[in-house]
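Subject: Structure handover

Hello,

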Amino acid sequence: MSVPAELSYTEEHEWVSISDGVATIGITTYAAEALGEIVFVEPPEAGATVAAGDTCGEVESTKSVSDIYAPVSGEVVDVNGAAVEDPEIIGNDPYGQGWLFKVELSEEPQNLLSPEKYTQLTEGEG
C-alpha cells in the first residue's frame, strides 16, 4: 500500500498536503481500496467553512457510503470538479488527480498522523 512520505494523515483515512497556508485533502489508497469502485463523491462546496474532525462530505462506492471528515479547519477554496464528474479518478489516483478539496487554514492543524504512524494504524486494521 502506498503511503507517501510528504503527506500527513488522519485516523479516518484522509491525507493532507499543506503549502502556503492551503491544505489539499483526499482519501488514502487504503480507504479507496476498502471502498472498492467509487461511484459518487460529495465534497464540501467552495466557500463553506469546515472544522477539523467534522463530517464535511461523503464518498459512495458499490460497497458502501463513507463520510469525509475535515482534517483541518478553515474555508474551502477549491473543489476537484474532475473527481466529482468522474469519481473513479479517486480510486485510480488518490494522491494525484483524485484529490477532493482545498482549505485555506484558519488555524494550525492538530492531530495529524505522520506517514509512519498512519502505516502502523493501517497495518493494525489490515
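G91 sits in helix α3, which covers residues 88-92. Helices here are DSSP runs of H or I with at least four residues, strands are runs of E with at least two, and both are numbered from the N terminus. This is a predicted model, in which local features need pLDDT of at least 70, side-chain atom pairs count only at pLDDT 80 or more, and totals for chains, interfaces and linings use all residues. Residues are numbered from 1 along each chain as its sequence is written, and side-chain values use heavy atoms, with hydrogens and water left out.

G91 has a relative accessible area of 36%, so it counts as partly exposed. The classes are buried (under 20% relative accessible area), exposed (over 50%) and partly exposed (in between), with a 1.4 Å probe and protein chains only. Accessible areas come from the Shrake-Rupley method, and for residues only the protein chains shown count as cover. The C-alpha atom of G91 is 9.8 Å from that of V39, and the two residues are 52 apart along the chain.

E33 belongs to helix α1, residues 29-35. With a relative accessible area of 56%, E33 is exposed. E33 and N92 are 59 residues apart along the chain, and their C-alpha atoms are separated by 9.6 Å.

E85 is part of helix α2, residues 81-85, and is exposed at 69% relative accessibility. Together with E37, D86 and E88, E85 forms a negative surface patch. A patch takes residues with over 30% relative accessible area and no salt bridge, joining like charges within 9 Å and nonpolar side chains (Val, Leu, Ile, Met, Phe, Trp, Tyr) within 5 Å. A salt bridge is a side-chain nitrogen of Lys or Arg within 4 Å of a carboxyl oxygen of Asp or Glu. Asp and Glu count as negative and Lys and Arg as positive, while His and the chain ends are not counted. Each charge is placed at NZ of Lys, CZ of Arg, CG of Asp or CD of Glu.

Strand β6 spans residues 55-61 and includes S61. S61 is buried, at 6% relative accessible area. Its side chain reaches the backbone nitrogen of K63 at 3.0 Å. V59 is also in strand β6 and counts as buried, at 1% relative accessibility.

A51 lies in the loop that links β5 (49-50) to β6. A51 is partly exposed, its relative accessible area being 32%. The C-alpha atoms of A51 and L105 are 9.9 Å apart, and these residues are 54 apart along the chain.

**Two residues with positive phi**

Most residues other than glycine have a negative phi. D20 is not a glycine, yet has a positive phi of about 50°. D20 lies in the loop between β2 (14-19) and β3 (22-27), and is exposed at 79% relative accessibility.

N111, also a residue other than glycine, has a positive phi near 60°. The loop that holds N111 runs between β9 (101-105) and α4 (115-125). N111 is exposed, with 72% relative accessibility.

Regards

How values were computed. Accessible areas come from the Shrake-Rupley method with a 1.4 Å probe; for residues, only the protein chains shown count as cover. A polar contact is a pair of N or O atoms within 3.5 Å; within protein, one must be able to donate a hydrogen and the other to accept it, and residues adjacent in sequence count only if both atoms are side-chain atoms.
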